[in-house]
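This report examines a single protein chain through its charged pairs, its nonpolar packing and its helices. The sequence and the structure come next.

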Amino acid sequence: MNAELQFGAPAERVRKFDEPVRIFVASQGQPDRAPEIASIVADIRAHVNHLDVAITSDKKAANFFVTLVAERDIKKVIRTRYGSGKAARIQQSLNPQCLSGIGKDSNYRIRRAEVILPVDAGEFTFYDCAYEELLQALGAINDDRSVPWTMFNDDVQMGFFDVYDQYLLNILYDPRVRAGMTKAEVNGLLPKVLPTVRVWINSANPARHADGREAPNTQGENGPLPRSTDAQTADPGPTSDSRALAADSSQTRKSIP
């Protein structure tokens, strides 16, 4: 509902895409990790209902941009994206190793998102940064150090999309939770939203046998999960010039809306 660091007025509101999310990946460093980003996006799509997200090769059709760079170039890319003034503040406050940002309109609908990731900082760091920053750029932009089982905690590193965070993203993208809602409004919806989210997550994460094999899910061993991707397509209104900036305060990964 908030952000750790913001440029402009605080926004204690739901921020989310209400249109299909199309991600363009620009690979500017070695190794080329664009295939890994595609796999991560597919994993997110498989575990978040009501979210139409996919990779696109058409930059003009994209509203979400992932830039893959060498670790040594992170500062230069941030300066290019945000300008020297904001970049200096980001570096001084955060010293980020990876970064995510969102641009929202006056109704708190995300109209543009971007993620900057280092490709050569190590395998675990790449996946930890990639999952956290992609998910935060979808609207889960705040962090909370009191919760030990979420990647949205600066003291926790995962490198994968675990069940607790699946709950957060599925609540966020439930159609009843709309961009611009307050905390009180979302709290009022949760008794209705949580049961349907729980059913979805149980289906998306089949139980395992004692020997580690996945048990058949309720849709059949290879059957598709029930998916609803009826996200409303919003009018392409102007993107707000002011960016709400959320940045985590660890030395490993940073988030910027």
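## A buried arginine and its partner

R33 is buried, at a relative accessible area of 6%; buried means under 20% relative accessible area, exposed over 50%, and partly exposed in between, for a 1.4 Å probe and protein chains only. The side chain of R33 meets that of E123 in a salt bridge, with 3.0 Å from N to O. A salt bridge is a side-chain nitrogen of Lys or Arg within 4 Å of a carboxyl oxygen of Asp or Glu. This pair links distant parts of the chain, as R33 lies in the loop between β1 and α1 and E123 in helix α3, 90 residues apart. E123 is partly exposed, at 45% relative accessibility.

## Basis of the model

The model is predicted; local features need a pLDDT of at least 70, side-chain atom pairs count only at pLDDT 80 or more, and totals for chains, interfaces and linings use all residues. Residues are numbered from 1 along each chain as its sequence is written, and side-chain values use heavy atoms, with hydrogens and water left out.

The average pLDDT of the chain is 81, and 78% of the residues score at least 70; pLDDT is the predictor's confidence in each residue, from 0 to 100. Over residues 216-257 the pLDDT is below 50, and this stretch has 145 contacts in the model beyond near neighbours in sequence. Contact means heavy atoms within 4.5 Å. Helices (H or I, at least four residues) and strands (E, at least two) are DSSP runs numbered from the N terminus.

## A network of charged residues

The whole structure holds 13 salt bridges. One of them joins D18 to R109, whose closest N and O atoms are 3.9 Å apart. D18 belongs to the segment before β1 and R109 to the loop between β4 (99-104) and β5, 91 residues apart.

R109 also meets D105 in a salt bridge of 2.8 Å, N to O. Both D105 and R109 are buried, R109 with a relative accessible area of 19%. D18 counts as buried as well, at 16%. Through shared partners, salt bridges join D18, E19, D105, R109 and R111 into one network.

## Nonpolar cores

A nonpolar core is a set of buried Ala, Val, Leu, Ile, Met, Phe, Trp, Tyr and Cys residues joined through side-chain atoms within 4.5 Å. The largest has 50 residues, and I44, F64, V66, L117, L138 and L169 have the most contacts inside it. At least two residues of this core come from each of β1 (21-27), α1, β3 (64-69), β5 (110-118), α3 (123-137), α4 and α5. A second, separate core of 10 residues includes V69, V77, L99 and I116.

Leaving aside residues up to four places away in sequence, L117 touches a set of residues including V66, V69, C98, F126 and L134.

## The kinked helix α5

Helix α5 (residues 183-204) has 22 residues, yet its end C-alpha atoms are only 27 Å apart, short of the 32 Å that a straight helix would reach at 1.5 Å a residue; the expected span is 1.5 Å times one less than the number of residues. A kink of about 55° lies at L190, shortly before P191. The bend at a residue is the angle between axes fitted to the seven residues ending there and the seven starting there.

Among the buried residues of α5 are V186, L189, V193 and W200. The buried residues of α5 pack against α1 (34-47) and α4 (163-172).
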